[in-house]
Amino acid sequence: MRFFLLSLFLFSFASLQAQIPDQLKGFHDDRVSSQLENEQFLINQLSPEIYRKHLYNLTQRPHIAGTVNSRKVIAYMSESMETAGLKVNQYDYDAWMPRPGSVEISIVKPIRMPLNNQEYIFDEDPYSEDFELVHGWNAFSGSGNVTSEVVYANFGRKEDFKQLEELGIDVTGKIVIARYGGNFRGYKAKFAEDAGAAGLIIYTDPENGGYVNGLTYPEGRYSDESTIQRGSILTLDYYGDPLTPFEPALPLDSDDSVERLEQSEVDFHTIPVAPIGYGAAKEIFARMEGEPVPQDWQGGLPYTYRLTGGKGLQVNLNVDQPHDFTRISNVVGTIEGSEYPDEWIILGSHHDAWGFGATDPNSGTAMLLTLADGFGQLLNNGWKPKRSILIGHWDAEEFMLIGSSEWVEDLREELGANSILYLNADMSVTGPNFRSSASPSLKDPIIEATKVVPHPDYADSAIYDTWIRPGQETPSMGNLGGGSDHVGFYMHLGIPSAGVSISGSVPVYHSNFDSFHFYESFIDSTFSYGPALSGVYGVVASRFADADILPYDLARYAEDISGHIGALERRANDLERGLQTESLKETIAEIDSVSSSIESHFPDFIASNPDQSLLNEINQKLIKVERSFLDEKGLPFSAWQKSLYVSTDPWSGYASWMIPGVRYVIEDDRSDDELNQELNRFNAAVERLLHSLKEIENALNIEQ
């Protein structure tokens, strides 16, 4: 069956020949045919068999960061990339990290009832009985043993706790129970602790990926009553190792000394926090006797949800979570550029998991290893990229982007000087639907790449054809938020970045059921989506690696910034704040004019066979364009995030905030002086962007 699928994949690609362009942005016409031949050769090497092999080998044992099994995964990735012909380097760090410890949750009144906090064992899924699987836990919880009444806080968002206060519900000294969804789990803990709660239980509601949505595991893909979402709850204003902000957590036995904070200097959560499934949560909800919740707080359990449990319901939460320095390792495979080895195209995903990690993250890990194999075959076929391509596998992402953050801090100067782009592949192969969120300059390159890669589910159709919707001129692309390893590259160092995936729903996210059995049964039994996505990554990477002029989408800056300004003005109007954006809009209009002029002149400029030194000069200027948004002071809520264009949402964690300094001031109801200050800072960043583009325009000798 799999050989038939591979043949169909190759046949489909052959049928797309009519859609292949005769020109490529950034390439001299004489080099287009060889580039397209290399792309086709690469895509033909990316087989379901290879992807399946890598995914299977990566997911045979649970591999939490810092464990023995994680070292085995690191060894496997290193060996795989070395075999493919990449030069492999390992970057070790000693980070301050927790271990699972012990978690006990029970009802102690009106009855004594221990509550389950680990997934069931199913005969249908042999992985579910692995003895190394651990109970549900939230990394960076406080340790403690508390017994108290219960308060339900819906999703545990900032507005939910505000509504509780307005309803006269005091959570001081209580154990809060909140459902997953709506925001990053760490902010549920932060807002609960800020409100005075003594502990927090987070559960998966059946309305959000459980039986309300369809058949539950193992009969279907949806969460059964024992499914538990694990995850970190760290909510510092910087990313990476908690004890070494802005500096790499170099190994303790390293010759280079690193000054580490004391644990008491870090704003860790102090209350105990633990996750459960809805089978355990229903035992609590069934015994709550307070006032009914607002209508939109009702979940999917067969009870009227109550705001409080009443004095007759007492719950015990006991968390003992030890911490220690933990050795973590990033693995980076490099194909060295023949002409510009110091200019880096970086593709990456993390490799650590809460359990087996078949979808998260190892669908992405396996995809990148499949691509490494394809690149190896292309190298054997005589290909030598001009620029270096790096494939990075980051450790301890699940604990709050630790491995990648330490790497960008460690290599800050090298990355800031010459890094061209970063594509993030975390949890990237989970279904048939292509999606991407990207910085402006990478949007068009990603779109163009999807036009030459076939979609495995549709004969004679490229991924692009399944992505674009009727009536659209171009596919919809989002803006990068938080929650994965692009944050350090994009928001800390200003490297153009994108998340690129072929995806579907994974209700067993972060649970012990995220296994190879689940993947094969409910995600992709043919293992064809991984190779397809590898093709998109490979095309984007090879085009940037070999282009005469780096094919960034410069014209998108004015379009996107204008849209973000409009959205910000609408939000400010809702909050009755005025924004003075006239001069900003004038600058954006000029950016639109200059970038369009540059884009229109590039083809003739390349065709004129300019001196290599001039090409190099222009490419160096292009690399620096995105850095225009960086401000060394950082943002009002995070000095570590230095981009004035984009950041993570400081109150939800996952979403993106555009023009975040200004957004924060109006959302937090800060003074007009602070608003003007942030507007002026963003104005200055946009002026720097315009200046960067004008320098390129001048280098092209475009008549004004």
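**Entry 1: I228**

I started with I228 and found a relative accessible area of 0%. Buried means under 20%, so I noted I228 as buried. I am working from a predicted model.

Where does I228 sit? I traced I228 to the loop between β8 and β9. I have β8 down as 199-203 and β9 as 231-232.

I then looked up I228 against P636. The two are 408 residues apart along the chain. Their C-alpha atoms are separated by 35 Å.

**Entry 2: the whole chain**

How many helices and strands does the chain have? I recorded 20 helices and 19 strands.

I looked up burial for the chain too. Of its 704 residues, 62% count as buried.

Next came the overall dimensions. The C-alpha atoms fill a box of roughly 85 × 65 × 60 Å along the principal axes. The radius of gyration is 26 Å. A compact globule with 704 residues would have one near 27 Å, so the chain agrees with that.

I turned to contacts between residues at least 6 apart in sequence. Of these, 80% join residues at least 24 apart.

**Entry 3: surface and charge**

I noted an accessible surface of about 25,900 Å² for the chain. Carbon and sulfur atoms account for 46% of that surface.

Last, I checked the charges. The chain has 52 positive and 104 negative charges. Their mean positions are 3 Å apart.

Note on methods. Residues numbered from 1 in each chain as written. Predicted model: local features only at pLDDT ≥ 70, side-chain atom pairs only at ≥ 80, totals over all residues. Heavy atoms only, no water. Helix = DSSP H or I, 4+ residues; strand = E, 2+ residues; numbered from the N terminus. Rg over C-alpha atoms; globule rule 2.2 N^0.38 Å. Buried < 20%, exposed > 50% of the residue type's maximum accessible area, 1.4 Å probe, protein only. Contact = heavy atoms within 4.5 Å. Areas by Shrake-Rupley, 256 points an atom, 1.4 Å probe, with all protein chains shown as cover. Lys, Arg positive; Asp, Glu negative; His and termini not counted. Charge placed at Lys NZ, Arg CZ, Asp CG, Glu CD.
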